[in-house]
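Please examine the sequence and the model below before reading on.

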Amino acid sequence: MAKFEQGDDSVVVIIGSGAGGGTLANELCQKGIKVVVLEAGARQSTASFINDEWKSFVQLAWLDPRTTSGSWRVAKDFSGLPAWICKTVGGTTTHWAGASLRFQAHEFKARTTYGGIAGTNLADWPLTLAELEPWYAKAEDKMGVTRTHGIPGLPGNNNYKVMHAGAKKLGYQDVHTGNMAINSVPRHGRGRCMQIGFCFQGCKSGAKWSTLYTEIPAAERTGNLDLRPESHVVRIEHDDAGKATGVVYFDKDGKEQRQKARLVCVAGNSIETPRLLLLSASSKFPDGLANSSGQVGRNYMRHMTGSVYAAFKQPVHMYRGTTMAGIIRDEARHDTKRGFAGGYELETLALGIPFMAAFLNPGGWGADFSWWMDHYTHLAGMWLVGEDMPRESNRVTLNKAVKDKYGNAAPNVHFDDHDNDVAMRNHAFAQGEKVYQAAGAIRTFRTPPYPSTHNLGTCRMGASAKDSVCNAFGQTHDVPNLFISDGSQFTTGGAENPTLTIVTLAIRQADHIAKLMSQRAI
Ligand SMILES: Cc1cc2nc3c(=O)[nH]c(=O)nc-3n(C[C@H](O)[C@H](O)[C@H](O)COP(=O)(O)OP(=O)(O)OC[C@H]3O[C@@H](n4cnc5c(N)ncnc54)[C@H](O)[C@@H]3O)c2cc1C
Ligand code: SF4
């Protein structure tokens, strides 16, 4: 692994090593560019992952102080945990389930397609599906997404078989074991899925794509990557001309350090990325870096979510096998006859007993709750995930009353569901229940949204510097050598799980950065 001087101002500094940051690092390193990755979390491995839900959560999750406000139920149920995301090398690609779907063409044109829905801040992406298609193909190949590039689908577990049976009886057509970034056959030096069923706890077999054991080691092998785990960035610095010059961070011993940079890419996930820009306010940028539009932190999206569980007479053992290899895509279309704009997916989901007890009905208690827990082995489960509406008032701000261990203001996440989100959720709950009823369920249960796993939109891209933070390449309008390299860039959320698009944008961004660097344009 390379070691670069802290005063070396020729390096690219990337903050965060997850889906966006880890991919960008590898892509740049492969092109011969020197990269320093500063990652707040420690480095784990397939050997150190723990197949135990709470222990794994403590090992991998971001647990620094955060606060919540707004009418969303997460603020009541999990007020200090707005998001379920990671602080570890590999970021949330350690916890993630692997569902990897392309956006649909109309989702890049949400404002044009859905119109000006009151109470939203909808905009079109400065990109089209056609422009992204070749980059999507590269991302799918890199991640080994099933049902692309000739890679076979994963086998269906019992949870999938129950969903499939009900879906077909209801007349759904687009039902399969998903497009998963999980090896169904050995590929790129990693084995196939062993159906262990702990996909959320870091995949011990390494079959599931994670930047931890794919992109990062590949980048290290080039000799161009200096990865510094347990390095928490607290500020991005700039010169009098407004160009980013480097970052200040605390190393694993709690010592303040300064790394110079030719350019800085922020990929801290959609809460820490805007927080860092806001914390980097200066006399030149009093409202935070790259925030002349006032949009940094705004338009926070978390996807419309919810879960449906159903109890059956016969055992299902939903927790065996791949957690999310099962999908119904028929509801992903935009069809306002259902009473809302945009669409949603229904995907298999299984939680272990500890998480089930915590998330089934937070605060739930008594005979009914016990009945569901007693029937755990006989349950099937699915997750509902759809497009939520961007709103200016849904936002990440600095909560100066709460400080982290470095003395910096904690992020507050404010969220109110839009009526469109509520209408979509109610439709999805009803359809999910119908699927299970068609398969013979004796009871069904609607579970409210968990802390956000899909965090998007807080530094959105757009054609105009007036109402967006960055351009179609993630380059901020205000600071040309500062890039947004994670899901914060999303203009809107689409109905699809976002990581494939984050990786796609990172590959495309790396190509653009390399061109700008070779032209000496940055
Ligand atoms: C349980 C679960 C299941 C999921 N399943 C799916 C799925 O099936 N499909 C899908 O598409 N998505 C899924 N996701 C979401 C997916 O994991 C995220 O979309 C993706 O990882 C986001 O990538 P990112 O680069 O934005 O951030 P992350 O992958 O979260 O990486 C951000 C990194 O930045 C680091 N960081 C933050 N701030 C700083 C700082 N100041 N200094 C240094 N480092 C910093 C963090 O420690 C972290 O490692 C799931 C998420 C969870 C939790
Ligand atoms: S089921 Fe497959 S992808 Fe999930 S943890 Fe096990 S081996 Fe990994």
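The model is predicted, so local features need pLDDT of at least 70 and side-chain atom pairs count only at pLDDT 80 or more, while totals for chains, interfaces and linings use all residues. Residues are numbered from 1 along each chain as its sequence is written, chains are lettered from A and ligands numbered from 1 in written order, and side-chain values use heavy atoms, without hydrogens and water.

Ser270 belongs to helix α8, residues 269–279 (a DSSP run of H or I with at least four residues; strands are runs of E with at least two, and both are numbered from the N terminus). Ser270 counts as buried because its relative accessibility is 0% (buried means under 20%, exposed over 50%, partly exposed in between, with a 1.4 Å probe and protein chains only). A polar atom of the Ser270 side chain lies 3.1 Å from the backbone nitrogen of Ser488. Beyond residues up to four places away in sequence, Ser270 touches, among others, Val396, Asn455, Asp486 and Ser488 (heavy atoms within 4.5 Å).

Around ligand 2 are residues including Cys193, Met194, Phe198, Lys208 and Thr322 (a heavy atom within 4 Å). This shell comprises seven nonpolar residues, four polar and one charged.

Most residues other than glycine have a negative phi. Ala290, however, has a positive phi of about 60°, and Arg520 has a positive phi near 60°. Ala290, in the loop between α8 and β10, is buried because its relative accessibility is 1%. Arg520 follows α12 (499–518) and is exposed, because its relative accessibility is 69%.

Conventions: Polar contact = N/O pair within 3.5 Å; in protein donor to acceptor, adjacent residues only side chain to side chain. Nonpolar A, V, L, I, M, F, W, Y, C, P; charged D, E, K, R; others polar.
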